[in-house]
Amino acid sequence: MANDTHPLVSEPILTSELQSKPRSKLKPALFIDRDGTLMVEVDHCHDPAKVSAYPGAAEELARARSLGWANIIVTNQSGIGRGYFTVEQFQAVQQELLRQLGDVIDGSYMAPDHPDNPSARRKPAPGMLLEAAVEHGIDLTRSFMIGDKAIDIECGRNAGVRTILVETGYGKKTAECNPDHRAPTVTEAIGIALQSA
Ligand SMILES: [Mg+2]
């Protein structure tokens, strides 16, 4: 399924599709959690007025893109599954974040599932990363997952990418989850990923 804009829900994919492109044509990706990682954590944020992207993130994402990386947001939004807010409210928040960051995001993936009834898309399952890999031609072996919770790190591991835990959001409270790297903020985390290439 082609997505020129930011897809929220994608068609199920066959993992065999991941093997269908020669690796030389694939690009590495930064898979980045949204709340507490790219923008200040606000519990179940559904108000665009409360959106605040972390300083420096936009510039570092632009640098990543200029070096050939894809920048992909992957976010669990159980507030939808719990009935706290609607998909439309989620989209309003997302659009405000994208506006603040500028044109640096290649795709956005969201899992609305209630934690008691998770699909293969809800982190820590790797579904959203695998979808993005097909849709954006991503080489998972050269990619990173950046997030502030253990489920982000587990998700990255489940998708076969390297992982970076940030200290923003819930990061400082996150129990030991064996990330490949730790970084104070997403800006430093992106720097670590780009240096690895
Ligand atoms: Mg988070």
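These legends describe close-up views of a predicted model.

View 1. Along the sequence they follow the pattern β-α-β-α-α-β-α-β-α-β-β-α. Of the 197 residues in the protein chain, 44% are buried. Among contacts with a separation of 6 or more, 67% link residues 24 or more positions apart.

**View 2. Confidence along the protein chain, with residues 1-12 picked out.** The pLDDT averages 91 over the protein chain, and 88% of the residues score at least 70. Over residues 1-12 the pLDDT is below 50. Beyond near neighbours in sequence, this stretch has twelve contacts in the model. Where pLDDT is low, the predicted coordinates should not be read in detail.

**View 3. Strand E1 between its two partners, E2 and E4.** E1 covers residues 29-32. Ala29 and Phe31 point one way from E1, while Leu30 and Ile32 point the other way. In a regular strand the side chains alternate between the two faces of the sheet. Ala29, Leu30, Phe31 and Ile32 are all buried. E1 runs parallel to E2 (residues 70-76), and four bridges join the two. Phe31 stands opposite Ile72 in E2. E1 also runs parallel to E4 (residues 144-147), here with three bridges. Ile146 in E4 is the bridge partner of Ile32.

**View 4. Phe31 and the largest nonpolar core.** Leaving aside residues up to four places away in sequence, Phe31 touches Ile72, Val74, Leu129, Ser143, Phe144, Met145, Gly156 and Val161. The largest nonpolar core has 49 residues. Those with the most contacts inside this core are Leu30, Phe31, Leu38, Ile72, Leu129, Ile146 and Val186. H4 gives the most to the core, with five residues. In soluble globular proteins, nonpolar side chains tend to be buried together.

**View 5. Helix H1 in the crossover from E1 to E2.** E1, H1 (residues 57-66) and E2 make a right-handed β-α-β unit. The buried residues of H1 are Ala57, Glu60, Leu61 and Ala64. Seen down the axis of H1, these buried residues fall within an arc of 100°, so they line one face of the helix. Their cover includes E1, E2, helix H3 (87-101) and helix H6 (186-196). Just after H1, Gly68 takes a positive phi of about 95°.

**View 6. Helix H4, with its buried residues and their packing partners.** Eight of the ten residues of H4 are buried, so H4 is largely enclosed by the rest of the structure. The buried residues are Gly127, Met128, Leu129, Leu130, Glu131, Ala132, Ala133 and Glu135. They pack against E1, E2, E3 and helix H5 (150-159). Gly137 follows H4 and has a positive phi, near 65°.

**View 7. Pro124 and its cis peptide bond.** Pro124 lies in the loop between strand E3 (107-111) and H4. The peptide bond from Lys123 to Pro124 is cis, with omega near 15°. Most residues other than glycine have a negative phi, and most peptide bonds are trans.

**View 8. His44 and Asn178, each with a positive phi.** His44 sits in the loop between E1 and H1. Its phi is near 50°, a positive value in a residue other than glycine. His44 counts as partly exposed because 15 other C-beta atoms lie within 10 Å. Asn178 is found in the loop between strand E5 (162-166) and strand E6 (181-183). Asn178 is not a glycine either, yet has a positive phi of about 55°. With 10 other C-beta atoms within 10 Å, Asn178 is exposed.

**View 9. Thr141 beside Gly160.** Thr141 is placed in the loop between helix H4 (127-136) and E4. Thr141 has 11 C-beta neighbours inside 10 Å, so this residue counts as exposed. The cut-off for an exposed residue is 12 or fewer. Thr141 and Gly160 are 19 residues apart along the chain. Their C-alpha atoms are separated by 6.8 Å.

Conventions
Residues are numbered from 1 along each chain as its sequence is written. This is a predicted model: local features need pLDDT of at least 70, side-chain atom pairs count only at pLDDT 80 or more; totals for chains, interfaces and linings use all residues. A residue is buried if 20 or more other C-beta atoms lie within 10 Å of its own, exposed if 12 or fewer, and partly exposed in between; C-beta atoms are placed from the backbone. Two strands pair if DSSP finds at least two bridges between them. A crossover is right-handed if, with the strands pointing away from the viewer, the path from the first strand over the helix to the second runs clockwise. Two residues are in contact if their C-beta atoms, placed from the backbone, lie within 7 Å. The arc is that of the directions from the helix axis to the C-beta atoms. pLDDT is the predictor's confidence in each residue, from 0 to 100. A nonpolar core is a set of buried Ala, Val, Leu, Ile, Met, Phe, Trp, Tyr and Cys residues joined through C-beta atoms within 7 Å.
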